[in-house]
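Take a look at the chain below. The report then walks through a few of its features.

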Amino acid sequence: MTRSLTPFTIIAILVMPLSAQAQDPAMRAAVADALGLTEDQFTSCMPAGATPGQRLSQSQRRQVVDCFKTANPALTNSKIRSAMQDLRG
């Protein structure tokens with residue numbers, strides 16, 4: 001049986017570590033570019049008051065994914081996952 005990753009899992013794997021790096025302008029620009037977003041769009045998708053390294057709640061992770069997809073309707077969970085993996089090297 002093959003299980004697909006849910007949006008929650010994808011964000012848990014990909015975005016939570018990024019919240020720690022979201023304050024770094026170079027990382028923010030690279031992530032935004034990889035997702036086809038502007039830096040402002042990327043920053044606005046991060047939860048208000050989130051601190052670097054903070055673990056995001058399931059609700060916050062869902063909001064981040066939804067925000068990314070609203071800002072760039074071409075984004076899919078797979079594209080988000082792939083972009084983040086590419087940035088990690």
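The sections below cover a disulfide, an aromatic pair, a core and one glutamine.

## A predicted model

This structure is a predicted model. Keep that in mind as you read.

## The disulfide

The whole structure holds 1 disulfide. It joins Cys45 to Cys67, with the sulfurs 2.1 Å apart. Cys45 belongs to helix α3 and Cys67 to helix α4, so the bond links distant parts of the chain, 22 residues apart. The angle about the S-S bond is -75°, and the link of Cys45 and Cys67 is left-handed.

Cys45 has a relative accessible area of 5% and is buried. Cys67 has 24% and is partly exposed. The cut-off for buried is under 20%.

## The aromatic pair

A search of the whole structure turns up 1 aromatic pair. Phe42 and Phe68 are stacked, 5.8 Å from centre to centre, with 20° between their planes. Phe42 sits in helix α3 (residues 39–45) and Phe68 in helix α4, so the pair ties together parts 26 residues apart in sequence. Both Phe42 and Phe68 are buried.

## The nonpolar core

The largest nonpolar core contains 13 residues. Leu35, Phe42 and Phe68 have the most contacts inside it. Helices α2 (25–34), α3, α4 and α5 (77–88) each give this core at least two residues. In soluble globular proteins, nonpolar side chains tend to be buried together.

## Gln60

Gln60 lies in helix α4 (residues 58–71). Its side chain reaches the backbone nitrogen of Ser57 at 2.8 Å. Beyond its neighbours within four places in sequence, Gln60 is in contact with Pro47, Gln54 and Arg55.

Note on methods. Residues numbered from 1 in each chain as written. Predicted model: local features only at pLDDT ≥ 70, side-chain atom pairs only at ≥ 80, totals over all residues. Heavy atoms only, no water. Helix = DSSP H or I, 4+ residues; strand = E, 2+ residues; numbered from the N terminus. Polar contact = N/O pair within 3.5 Å; in protein donor to acceptor, adjacent residues only side chain to side chain. Contact = heavy atoms within 4.5 Å. Phe/Tyr/Trp six-rings, centres within 6.5 Å; stacked < 30°, edge-to-face > 60°. Buried < 20%, exposed > 50% of the residue type's maximum accessible area, 1.4 Å probe, protein only. Core = buried A, V, L, I, M, F, W, Y, C linked by side-chain atoms within 4.5 Å. Disulfide = S-S within 2.5 Å.
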